[in-house]
Amino acid sequence: MTTISLLKRLTNRRQLILSGLALAVLSPRGVQAEEARPQLRARATPPKPASNGKHIVMLDPGHGGIDSGAVGEEGSEEKHVVLAIAETVRALLREHPRVEARLTRESDHFIPLYQRVEIAHQHGASLFMSIHADGYTSPDANGASVFALSNRGASSAMARYMSQRENDADKVGGVAVQEKDNYLNQILFDLVQTDTIRNSLTLGKHVLDHIRPVHHLHSQHTEQAAFAVLKSPSIPSVLVETSFITNPREEQLLGTSAFRQTIASAIANGIIKYFDEYDRRQA
(Lines give C-alpha, C1' and ligand atoms only; values in the text may rest on other atoms or scores of the structure.)
Protein backbone atom coordinates (compact mmCIF):
# COMPACT_ATOMS: atom_id res chain seq x y z
CA MET A 1 0.00 0.00 0.00
CA THR A 2 1.43 3.39 -0.93
CA THR A 3 1.72 6.26 1.53
CA ILE A 4 -0.94 8.24 -0.40
CA SER A 5 -3.48 5.42 -0.34
CA LEU A 6 -2.71 4.84 3.35
CA LEU A 7 -3.43 8.48 4.14
CA LYS A 8 -6.71 8.33 2.21
CA ARG A 9 -7.70 5.19 4.07
CA LEU A 10 -6.96 6.74 7.44
CA THR A 11 -8.74 9.97 6.53
CA ASN A 12 -11.84 8.19 5.22
CA ARG A 13 -12.10 6.24 8.45
CA ARG A 14 -11.70 9.47 10.42
CA GLN A 15 -8.78 7.90 12.29
CA LEU A 16 -6.36 10.70 11.56
CA ILE A 17 -7.95 13.85 12.99
CA LEU A 18 -5.45 16.69 13.17
CA SER A 19 -7.37 18.70 15.75
CA GLY A 20 -7.70 15.93 18.29
CA LEU A 21 -6.00 12.91 16.86
CA ALA A 22 -5.45 9.26 16.61
CA LEU A 23 -1.85 8.47 15.83
CA ALA A 24 -1.45 5.89 13.10
CA VAL A 25 0.82 2.98 14.01
CA LEU A 26 2.03 0.59 11.32
CA SER A 27 2.18 -3.08 12.28
CA PRO A 28 2.73 -6.36 10.41
CA ARG A 29 -1.02 -6.98 10.60
CA GLY A 30 -1.98 -3.69 9.00
CA VAL A 31 -2.86 -0.25 10.28
CA GLN A 32 -4.03 0.32 13.82
CA ALA A 33 -5.04 3.58 15.45
CA GLU A 34 -4.08 4.44 18.97
CA GLU A 35 -5.75 7.42 20.60
CA ALA A 36 -3.15 9.87 21.84
CA ARG A 37 -3.23 12.65 24.37
CA PRO A 38 -1.48 15.36 22.37
CA GLN A 39 -3.71 17.86 20.58
CA LEU A 40 -2.46 18.33 17.03
CA ARG A 41 -3.52 21.35 15.02
CA ALA A 42 -4.04 21.75 11.30
CA ARG A 43 -1.52 24.58 11.36
CA ALA A 44 1.56 23.78 13.39
CA THR A 45 1.47 26.98 15.43
CA PRO A 46 2.17 27.09 19.17
CA PRO A 47 -0.80 26.31 21.43
CA LYS A 48 -2.57 29.25 23.01
CA PRO A 49 -1.11 30.65 26.24
CA ALA A 50 -2.29 29.29 29.59
CA SER A 51 -5.55 30.59 31.01
CA ASN A 52 -3.59 33.19 32.97
CA GLY A 53 -2.34 34.61 29.68
CA LYS A 54 1.18 33.22 30.02
CA HIS A 55 3.14 31.16 27.51
CA ILE A 56 4.04 27.79 28.99
CA VAL A 57 7.65 26.75 28.44
CA MET A 58 8.51 23.09 28.99
CA LEU A 59 12.16 22.70 29.93
CA ASP A 60 13.51 19.19 29.57
CA PRO A 61 16.71 18.34 31.47
CA GLY A 62 18.23 15.53 29.41
CA HIS A 63 18.79 11.99 30.66
CA GLY A 64 18.26 11.11 34.35
CA GLY A 65 18.08 8.06 36.59
CA ILE A 66 19.76 5.02 35.09
CA ASP A 67 20.74 7.15 32.10
CA SER A 68 23.60 9.37 33.24
CA GLY A 69 24.17 10.92 29.82
CA ALA A 70 27.71 11.90 28.93
CA VAL A 71 30.37 11.67 31.66
CA GLY A 72 33.35 14.00 31.89
CA GLU A 73 36.96 13.11 32.56
CA GLU A 74 36.57 14.15 36.21
CA GLY A 75 33.37 12.14 36.61
CA SER A 76 30.80 14.90 36.12
CA GLU A 77 27.50 13.45 34.91
CA GLU A 78 25.43 15.24 32.31
CA LYS A 79 22.12 14.43 34.00
CA HIS A 80 23.01 16.44 37.13
CA VAL A 81 24.55 19.41 35.32
CA VAL A 82 21.61 19.93 32.98
CA LEU A 83 19.04 19.65 35.76
CA ALA A 84 20.83 22.47 37.59
CA ILE A 85 20.87 24.61 34.44
CA ALA A 86 17.19 23.92 33.69
CA GLU A 87 16.22 24.86 37.24
CA THR A 88 18.07 28.15 36.85
CA VAL A 89 16.36 28.86 33.51
CA ARG A 90 12.99 28.18 35.14
CA ALA A 91 13.77 30.54 38.01
CA LEU A 92 14.76 33.30 35.58
CA LEU A 93 11.67 32.86 33.41
CA ARG A 94 9.42 32.98 36.45
CA GLU A 95 10.33 36.65 36.75
CA HIS A 96 8.77 37.36 33.36
CA PRO A 97 5.09 38.43 33.48
CA ARG A 98 4.08 36.51 30.32
CA VAL A 99 6.02 33.25 30.71
CA GLU A 100 5.51 30.21 32.93
CA ALA A 101 8.29 27.62 32.91
CA ARG A 102 7.95 23.97 33.95
CA LEU A 103 10.28 20.97 34.00
CA THR A 104 9.75 17.49 32.59
CA ARG A 105 11.70 16.16 35.57
CA GLU A 106 12.63 17.77 38.88
CA SER A 107 14.65 14.89 40.26
CA ASP A 108 17.12 12.24 39.13
CA HIS A 109 14.83 9.77 37.37
CA PHE A 110 14.56 8.27 33.89
CA ILE A 111 11.91 9.48 31.43
CA PRO A 112 11.60 7.88 27.97
CA LEU A 113 11.93 10.30 25.08
CA TYR A 114 8.34 9.91 23.90
CA GLN A 115 7.05 10.73 27.40
CA ARG A 116 9.02 13.98 27.47
CA VAL A 117 7.13 15.11 24.38
CA GLU A 118 3.82 13.93 25.83
CA ILE A 119 4.43 15.89 29.03
CA ALA A 120 4.81 19.07 26.98
CA HIS A 121 1.50 18.41 25.23
CA GLN A 122 -0.29 17.56 28.46
CA HIS A 123 0.76 20.93 29.87
CA GLY A 124 -0.30 22.80 26.74
CA ALA A 125 3.24 24.04 26.22
CA SER A 126 3.97 26.80 23.73
CA LEU A 127 7.63 25.82 23.55
CA PHE A 128 9.77 22.77 24.33
CA MET A 129 13.48 22.93 25.07
CA SER A 130 15.69 19.95 25.86
CA ILE A 131 18.87 20.96 27.70
CA HIS A 132 22.09 18.94 27.43
CA ALA A 133 25.84 19.01 28.03
CA ASP A 134 26.80 16.22 25.74
CA GLY A 135 29.96 14.39 24.84
CA TYR A 136 31.88 13.59 21.70
CA THR A 137 34.52 11.11 20.68
CA SER A 138 37.20 13.81 20.78
CA PRO A 139 37.87 15.79 23.98
CA ASP A 140 38.71 18.78 21.78
CA ALA A 141 35.09 19.31 20.77
CA ASN A 142 33.83 22.43 22.50
CA GLY A 143 31.23 25.15 22.51
CA ALA A 144 27.45 25.43 22.59
CA SER A 145 25.06 24.29 19.87
CA VAL A 146 21.34 24.48 19.21
CA PHE A 147 19.48 21.83 17.22
CA ALA A 148 16.04 21.78 15.65
CA LEU A 149 14.23 18.92 13.97
CA SER A 150 14.92 17.92 10.40
CA ASN A 151 12.80 15.40 8.51
CA ARG A 152 15.19 15.42 5.55
CA GLY A 153 18.49 14.49 7.15
CA ALA A 154 21.11 15.99 9.42
CA SER A 155 22.75 19.30 8.55
CA SER A 156 26.24 18.13 9.54
CA ALA A 157 28.22 15.12 10.67
CA MET A 158 28.09 16.43 14.22
CA ALA A 159 24.31 16.76 14.02
CA ARG A 160 24.05 13.14 12.86
CA TYR A 161 26.28 11.96 15.68
CA MET A 162 24.40 13.95 18.32
CA SER A 163 20.95 12.85 17.20
CA GLN A 164 21.99 9.19 17.12
CA ARG A 165 23.52 9.48 20.59
CA GLU A 166 20.46 11.16 22.10
CA ASN A 167 17.98 8.88 20.34
CA ASP A 168 19.82 5.87 21.77
CA ALA A 169 18.98 7.08 25.29
CA ASP A 170 15.74 5.07 25.28
CA LYS A 171 17.71 1.84 24.82
CA VAL A 172 18.57 2.12 28.50
CA GLY A 173 14.88 1.63 29.24
CA GLY A 174 14.57 -1.48 27.09
CA VAL A 175 12.69 -2.46 23.96
CA ALA A 176 9.27 -1.98 25.56
CA VAL A 177 9.98 1.73 25.95
CA GLN A 178 11.11 2.13 22.35
CA GLU A 179 8.02 0.42 20.91
CA LYS A 180 5.72 3.02 22.47
CA ASP A 181 7.25 5.97 20.60
CA ASN A 182 4.28 7.05 18.48
CA TYR A 183 6.02 10.31 17.61
CA LEU A 184 8.23 8.52 15.08
CA ASN A 185 5.35 8.35 12.60
CA GLN A 186 6.72 10.02 9.48
CA ILE A 187 3.28 10.51 7.97
CA LEU A 188 2.27 12.98 10.65
CA PHE A 189 5.56 14.86 10.40
CA ASP A 190 5.02 15.47 6.69
CA LEU A 191 1.48 16.70 7.31
CA VAL A 192 1.84 19.18 10.15
CA GLN A 193 5.43 20.00 11.02
CA THR A 194 6.47 22.57 8.44
CA ASP A 195 5.41 25.60 10.51
CA THR A 196 6.66 24.00 13.71
CA ILE A 197 10.16 23.51 12.31
CA ARG A 198 10.18 27.08 10.99
CA ASN A 199 9.31 28.41 14.43
CA SER A 200 11.88 26.10 16.01
CA LEU A 201 14.59 27.55 13.78
CA THR A 202 13.54 31.05 14.82
CA LEU A 203 13.75 30.05 18.47
CA GLY A 204 17.17 28.50 17.88
CA LYS A 205 18.46 31.69 16.29
CA HIS A 206 17.38 33.79 19.27
CA VAL A 207 19.01 31.40 21.74
CA LEU A 208 22.26 31.35 19.77
CA ASP A 209 22.25 35.16 19.50
CA HIS A 210 22.22 35.39 23.30
CA ILE A 211 24.75 32.62 23.94
CA ARG A 212 27.23 34.01 21.39
CA PRO A 213 28.40 36.99 23.52
CA VAL A 214 29.02 34.87 26.63
CA HIS A 215 30.28 31.48 25.38
CA HIS A 216 31.99 29.95 22.38
CA LEU A 217 29.63 28.45 19.80
CA HIS A 218 30.39 25.09 18.24
CA SER A 219 28.11 26.02 15.35
CA GLN A 220 27.10 29.55 14.37
CA HIS A 221 23.65 28.54 13.14
CA THR A 222 20.89 26.20 14.31
CA GLU A 223 21.73 22.66 13.23
CA GLN A 224 19.04 20.18 12.19
CA ALA A 225 18.75 16.44 12.75
CA ALA A 226 16.15 13.79 13.54
CA PHE A 227 16.16 14.07 17.34
CA ALA A 228 13.30 11.95 18.68
CA VAL A 229 12.75 14.32 21.60
CA LEU A 230 12.06 17.21 19.18
CA LYS A 231 9.35 15.43 17.22
CA SER A 232 6.32 17.23 18.57
CA PRO A 233 3.99 17.90 15.65
CA SER A 234 2.80 21.26 16.95
CA ILE A 235 5.19 22.68 19.56
CA PRO A 236 8.34 24.56 18.49
CA SER A 237 11.18 22.53 19.97
CA VAL A 238 14.95 22.83 20.21
CA LEU A 239 17.76 20.94 21.88
CA VAL A 240 20.49 23.08 23.45
CA GLU A 241 23.96 21.65 23.97
CA THR A 242 25.27 24.06 26.58
CA SER A 243 28.84 22.73 26.31
CA PHE A 244 30.78 19.49 25.86
CA ILE A 245 31.17 17.80 29.21
CA THR A 246 33.84 15.58 27.60
CA ASN A 247 36.01 18.67 27.06
CA PRO A 248 38.13 19.05 30.24
CA ARG A 249 37.91 22.86 30.31
CA GLU A 250 34.18 22.91 29.69
CA GLU A 251 33.59 20.19 32.27
CA GLN A 252 35.20 22.53 34.81
CA LEU A 253 33.03 25.42 33.61
CA LEU A 254 29.86 23.36 33.89
CA GLY A 255 30.80 22.56 37.47
CA THR A 256 30.65 26.22 38.47
CA SER A 257 27.45 27.97 39.48
CA ALA A 258 28.69 31.15 37.77
CA PHE A 259 28.86 29.53 34.33
CA ARG A 260 25.57 27.70 34.78
CA GLN A 261 23.97 31.04 35.70
CA THR A 262 25.51 32.70 32.64
CA ILE A 263 24.38 30.05 30.17
CA ALA A 264 20.94 29.84 31.79
CA SER A 265 20.51 33.62 31.47
CA ALA A 266 21.39 33.46 27.79
CA ILE A 267 18.87 30.67 27.22
CA ALA A 268 16.13 32.50 29.13
CA ASN A 269 16.74 35.73 27.23
CA GLY A 270 16.59 33.86 23.93
CA ILE A 271 13.23 32.35 24.89
CA ILE A 272 11.84 35.75 25.87
CA LYS A 273 13.06 37.26 22.58
CA TYR A 274 11.31 34.48 20.68
CA PHE A 275 8.00 35.15 22.41
CA ASP A 276 8.39 38.89 21.87
CA GLU A 277 8.67 38.26 18.13
CA TYR A 278 5.87 35.70 18.11
CA ASP A 279 3.49 38.00 19.99
CA ARG A 280 4.23 40.87 17.58
CA ARG A 281 3.34 38.64 14.63
CA GLN A 282 0.07 37.65 16.28
CA ALA A 283 -0.93 41.22 17.23
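Visitor: Where does Asn269 lie?

Guide: Asn269 lies in helix α9. Keep in mind that this is a predicted model.

Visitor: Is Asn269 buried, exposed or partly exposed?

Guide: Asn269 counts as partly exposed, because its relative accessible area is 38%.

Visitor: How far is Asn269 from Val207 in space?

Guide: The C-alpha atoms of Asn269 and Val207 are 7.4 Å apart. In sequence, the two residues are 62 apart.

Visitor: Stay with α9. Which strands does α9 lie across?

Guide: Helix α9 lies across β3, β4, β5 and β8. Relative to β3, α9 runs at about 145 degrees.

Visitor: OK, the sheet then. What's the strand order?

Guide: The order is β4-β3-β5-β8-β6-β7. That makes an open sheet of six strands, with mixed pairing.

Visitor: Which strands are at the edges?

Guide: β4 and β7, the latter being residues 223-225. Each of these edge strands pairs on one side only.

Visitor: And how much are neighbouring strands turned against each other?

Guide: By 30 degrees on average, with direction ignored.

Visitor: Pick a pair. In what sense do β6 and β8 pair, parallel or antiparallel?

Guide: Antiparallel, over three bridges. β6 covers residues 145-149 and β8 covers residues 237-241.

Visitor: What holds paired strands together in general?

Guide: Strands of a sheet pair through backbone hydrogen bonds, either parallel or antiparallel.

Visitor: Which strands does α2 touch?

Guide: α2 packs on the sheet and touches β3 (55-61), β4 and β5 (127-132). The direction of α2 makes about 160 degrees with that of β4.

Visitor: Switching to charges. How many salt bridges?

Guide: The count comes to ten salt bridges. The cut-off is a side-chain nitrogen of Lys or Arg within 4 Å of a carboxyl oxygen of Asp or Glu.

Visitor: Which residue does Arg90 form a salt bridge with?

Guide: Glu106. The closest N and O atoms of Arg90 and Glu106 are 3.2 Å apart. Arg90 lies in helix α2 (residues 78-93), while Glu106 is in the loop between β4 (99-103) and α3 (113-122), so the pair ties together parts that are 16 residues apart in sequence.

Visitor: Arg90 and Glu106: buried or exposed?

Guide: One of each. Arg90 counts as buried, because its relative accessibility is 13%. Glu106 counts as exposed, because its relative accessibility is 52%.

Visitor: What about Asp276 and Arg98?

Guide: Their side chains meet in a salt bridge, at 2.7 Å from N to O. Asp276 sits in helix α9 (residues 257-282) and Arg98 in the loop between α2 and β4, so this pair ties together parts that are 178 residues apart in sequence. Asp276 is partly exposed at 25% relative accessibility. Arg98 is also partly exposed, at 27%.

Visitor: Which residues are linked with Arg98 in a network of salt bridges?

Guide: Asp276 and Asp279 are linked with Arg98 in that network.

Visitor: Last one. How far apart are Arg281 and Glu277 along helix α9?

Guide: Four residues, about one turn of the helix. The side chains of Arg281 and Glu277 meet in a salt bridge, 3.3 Å from N to O.

Visitor: And what are the relative accessible areas of Arg281 and Glu277?

Guide: Arg281 has 40%, so it counts as partly exposed. Glu277 has 21%, and the cut-off for buried is under 20%, so Glu277 is partly exposed.

Terms used
Residues are numbered from 1 along each chain as its sequence is written. This is a predicted model: local features need pLDDT of at least 70, side-chain atom pairs count only at pLDDT 80 or more; totals for chains, interfaces and linings use all residues. Side-chain values use heavy atoms; hydrogens and water are left out. Helices (H or I, at least four residues) and strands (E, at least two) are DSSP runs, numbered from the N terminus. Buried means under 20% relative accessible area, exposed over 50%, partly exposed in between (1.4 Å probe, protein chains only). Two strands pair if DSSP finds at least two bridges between them. Axes are lines fitted to C-alpha atoms, for helices over the stretch in contact, and angles run from 0 to 180 degrees between N-to-C directions. Contact means heavy atoms within 4.5 Å.
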